[in-house]
There are 2 protein chains.
Amino acid sequence: MKRFVVVGHLGSTDPDFSLNNLPGAGRMDELCRCVAASLCLSHGIRRDAECLLVLLGGPKAPKTIRFSGESVRSLGPDERNVAGLIKKALALPCGTVFRESSPGVSVRKGGLAEVLAECGCAVLDEGGEDIRGVETVPETFVLSDHQNFSEEERGLMQDLPACSLGPCILHADMAIVVLHNELDRRESGWI
Amino acid sequence: MKRFVVVGHLGSTDPDFSLNNLPGAGRMDELCRCVAASLCLSHGIRRDAECLLVLLGGPKAPKTIRFSGESVRSLGPDERNVAGLIKKALALPCGTVFRESSPGVSVRKGGLAEVLAECGCAVLDEGGEDIRGVETVPETFVLSDHQNFSEEERGLMQDLPACSLGPCILHADMAIVVLHNELDRRESGWI
């Protein structure tokens, strides 16, 4: 399993955000691209991958939406398609246990701390070890959206291994693409 | 200069496509993501990069839209933002010489043959040489959208060097992200 956890610091937890203004919904456009980068191939779905969006925007925050490649259906890579699934998830009443809103899409109350307690994570950080030199690539990566991690978040993750991808600071969705490429190569003996 | 040429086999040349249905405009969503992947960093624009969209859909095809990182302004990475700039370009009457429709965005009549005549290109192809082993990475890459290159296109490019990125077939925008990462690393001595 490959898992990408994206912290959307302003990401809307209100299902009534407009599909015509995804950037205005706490940069929902970027979060949608992260889902597509995590799960979509040119002609197929990565069945061994998951994307968790940790949404911290609005009075109902924190909420976490999980997209599972194993069981998701009708997932197009365009932002609007993914955003429709997010709206549906946010409209579903939920507790602290994941509840399915669409095939392969689930939602729960809770944020980064809950995810960290469940998964052996690494954090993506420009000061981390070059991913190409890492002996064993971790199963789960935590990434931030357009904002830096907060002090509190850094505190939660201070003991986690940190990896970096290159000299340029990329959007989170781009970072996921690069991570997948490194993992694909290792799995297939391309390296 | 890094240049990414994306052939949109069904990409609309009609400016009246709907911003609410980018996939229906000949997979304009994917072409928009290619522009963002070519030019956008987390907090900035890649000033040394260009993206050329070769649009082959509709009666006005072929048309080519060029996005220049050097001079583009107001470029957000979300699909809808880029699509707005494409609509504006397609609405501008043009001949066979690039004409600017917005800062850093230009349009002309003509397709892949014209681009190939102007640039020293390589083609991205799953059977090509692994990019990590290529001694000198070419300046310009030609990529296809969700469709394979046509026989005619393959004929035009049969003598070009071919590179591949890994064992999985990616969307064109994802391929651009991986290419940039390789180029970034080489330029900065990360490899």
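Me: In what order do the eight strands of the open sheet in chain B stand?
Reply: The model is a predicted one. In chain B, eight strands form an open sheet with mixed pairing. Their order is S6-S7-S5-S4-S1-S9-S8-S10.

Me: Which strands of chain B stand at the edges, and why is one side of each left without a neighbour in the sheet?
Reply: An edge strand here has a single partner strand, so one side of it has no neighbour in the sheet. In chain B this holds for two strands, residues 99–102 and residues 162–164. They are S6 and S10.

Me: What does the twist of that sheet average from one strand to the next?
Reply: The twist is taken from one strand to the next.

Me: How many bridges join S8 to S9 in chain B?
Reply: S8 covers residues 121–130 of chain B, and S9 covers residues 140–144. The two strands run parallel. B:Ala122 stands opposite B:Phe141 of S9(B). The number of bridges joining S8 and S9 is three.

Me: What angle does H1(B) make with S4(B)?
Reply: H1(B) packs on the sheet. It touches S1, S4 and S5 of chain B. The angle between the directions of H1(B) and S4(B) is about 165°.

Me: And what angle does H5(B) make with S1(B)?
Reply: H5(B) also packs on the sheet. The strands it touches are S1, S4, S8 and S9 of chain B. Its direction and that of S1(B) make an angle of about 180°.

Me: Which strands stand at the edges of the sheet in chain A?
Reply: Chain A has an open sheet of eight strands, in the order S6-S7-S5-S4-S1-S9-S8-S10. The strands at its edges each have a single partner strand, so one side of each lacks a neighbour in the sheet. They are S6 and S10.

Me: Which residue of S9(A) stands opposite A:Cys121?
Reply: Strands S8 and S9 of chain A run parallel, joined by three bridges. S9 of chain A spans residues 140–144. The residue opposite A:Cys121 is A:Thr140.

Me: At what angle does H2 of chain A run to S5(A)?
Reply: H2 of chain A takes in residues 79–90. It lies across S1, S4, S5, S6 and S7 of chain A. Its angle to S5(A) is about 130°.

Me: Where in chain A does A:Pro62 lie?
Reply: The peptide bond from A:Ala61 to A:Pro62 is cis, with omega near -5°. Most peptide bonds are trans. A:Pro62 lies in the loop between S4 and S5 of chain A.

Me: What is the phi of A:Ser74?
Reply: A:Ser74 is found in the loop between S5 and H2 of chain A. Most residues other than glycine have a negative phi. A:Ser74 is not a glycine, yet its phi is positive, at about 55°.

Me: What area do chain B and chain A bury between them?
Reply: The contact takes 38 residues from chain B and 38 residues from chain A. Carbon and sulfur atoms carry 56% of the buried area. The area is about 3500 Å².

Me: How many salt bridges are counted between chain B and chain A?
Reply: A:Glu182 forms a salt bridge with B:Arg132. Their closest N and O atoms are 2.7 Å apart. The count between the chains is four.

Me: Which element gives the largest share of the side of chain B that touches chain A?
Reply: H1, S2, H2 and H5 of chain B each give two or more residues to this side. The largest share is eight residues. It comes from H5(B).

Key: Residues numbered from 1 in each chain as written. Chains lettered and ligands numbered in written order. Predicted model: local features only at pLDDT ≥ 70, side-chain atom pairs only at ≥ 80, totals over all residues. Heavy atoms only, no water. Contact = heavy atoms within 4.5 Å. Buried area = accessible area lost by both parts, 1.4 Å probe. Salt bridge = Lys/Arg side-chain N within 4 Å of Asp/Glu carboxyl O. Helix = DSSP H or I, 4+ residues; strand = E, 2+ residues; numbered from the N terminus. Pairing = 2+ DSSP bridges. Axes fitted to C-alpha atoms, helices over the stretch in contact; angles between N-to-C directions.
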